[in-house]
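Trainee: I would like to learn how the words used for a protein model are tied to cut-offs. Could we go through one model slowly, setting each value against its definition?

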Amino acid sequence: MVIYTVTGKVGQAGYLDIANSGDISGKNIYVNMTNRCPCSCVFCLRQTKKMREGNTLWLKGGEPSVNAVMEIFDRYDLNRINELVFCGYGEPLERLQDVCNVIDQLHAKYPNLKVRLNTNGLANLIHGKDITPELEGRFDTVSISLNAPNAEEFLALTRSKFGIQSFDALKKFASLAKRHVPNVVLTVVEKVMSDEKIELCRQICTELGVTLRVRPFEE
Ligand code: SF4
């Protein structure tokens with residue numbers, strides 16, 4: 001499933017292909033263009049074979065081309081949606097140029113389209129350079145999963161292939177992204193993290209000048 005909406009509780013049952021989503025006015029529309037990711041988070045649904053086989057966000061036919069994504073979008077009017085969210089069942093910026101290409105084509109048709117990126121914040125490590133200028137004019141919001149208050153805990157949770165440097169790279173990515181994107185948010189999940197750790201994450205956000213969003217815990 002490449003383009004979908006989320007109903008109620010986030011999870012397999014809550015994902016609806018855009019074709020089955022009815023009236024999309026006022027809804028968030030999610031775009032899933034890759035399952036690739038440099039992390040292997042302990043909580044990620046990608047980790048279990050069962051989910052890989054059964055989850056509709058697993059791109060069984062491989063990654064869709066830009067044209068294939070645009071062909072789906074051509075069937076819908078995005079003028080009245082709330083927000084377009086690149087998130088995927090993987091890291092969207094693994095396909096940086098393709099994601100930019102899709103957004104540029106959509107912005108040509110819908111200049112006021114609001115676009116958000118949900119990311120692990122490791123794109124500069126993935127591409128070996130600062131890619132945040134590419135976000136300018138394309139994304140209104142960049143939401144980065146912070147997950148942990150320090151580098152060791154971050155690595156233990158995400159098992160990033162880039163190792164211990166990943167946490168500092170994420171923070172640097174957030175502060176660079178701020179130069180190009182109006183709204184940069186770091187997120188943590190309530191209940192999985194103690195109040196003390198959430199407070200430490202809040203301090204990190206204050207230092208970086210970005211917003212902390214505490215996301216509700218989903219069973
Ligand atoms: S960063 Fe996201 S997609 Fe990648 S392993 Fe972690 S939870 Fe899964």
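Mentor: Let us begin with the word "near": a residue is near a molecule or strand if one of its heavy atoms lies within 4 Å of it. Ten residues are around the ligand here, and those that come nearest are Cys 37, Cys 39, Cys 41, Cys 44 and Arg 46. Please keep in mind that this is a predicted model, in which local features need pLDDT of at least 70 and side-chain atom pairs count only at pLDDT 80 or more, while totals for chains, interfaces and linings use all residues. Residues are numbered from 1 along each chain as its sequence is written, and side-chain values use heavy atoms, with hydrogens and water left out.

Trainee: What classes of residue make up the shell around the ligand?

Mentor: The shell has five nonpolar, four polar and one charged residues, where Ala, Val, Leu, Ile, Met, Phe, Trp, Tyr, Cys and Pro count as nonpolar, Asp, Glu, Lys and Arg as charged, and the others, Gly among them, as polar.

Trainee: Why is Cys 41 called buried?

Mentor: Buried means under 20% relative accessible area, exposed over 50%, and partly exposed in between, with a 1.4 Å probe and protein chains only. Cys 41 has 13% relative accessibility, and therefore counts as buried.

Trainee: What makes the link between Thr 34 and Glu 63 a polar contact?

Mentor: A polar contact is a pair of N or O atoms within 3.5 Å; within protein, one must be able to donate a hydrogen and the other to accept it, and residues adjacent in sequence count only if both atoms are side-chain atoms. The side chains of Thr 34 and Glu 63 meet at 2.5 Å, which is within the cut-off. The side chain of Thr 34 also reaches the backbone nitrogen of Arg 36 at 3.0 Å. Thr 34 lies in the loop between strand 3 (28-31) and helix 1 (49-54), helices (H or I, at least four residues) and strands (E, at least two) being DSSP runs numbered from the N terminus.

Trainee: What is the largest nonpolar core, and what makes it a core?

Mentor: A nonpolar core is a set of buried Ala, Val, Leu, Ile, Met, Phe, Trp, Tyr and Cys residues joined through side-chain atoms within 4.5 Å. The largest one has 59 residues, and Phe 73, Phe 86 and Leu 135 have the most contacts inside it. Helix 3 (residues 96-109) gives the most to this core, with six residues. Apart from it lies another core of eight residues, including Met 1 and Tyr 30.

Trainee: Which residues does Leu 135 touch?

Mentor: Contact means heavy atoms within 4.5 Å. Not counting residues up to four places away in sequence, Leu 135 touches Leu 93, Leu 117, Val 142, Phe 173, Ala 177 and Val 181.
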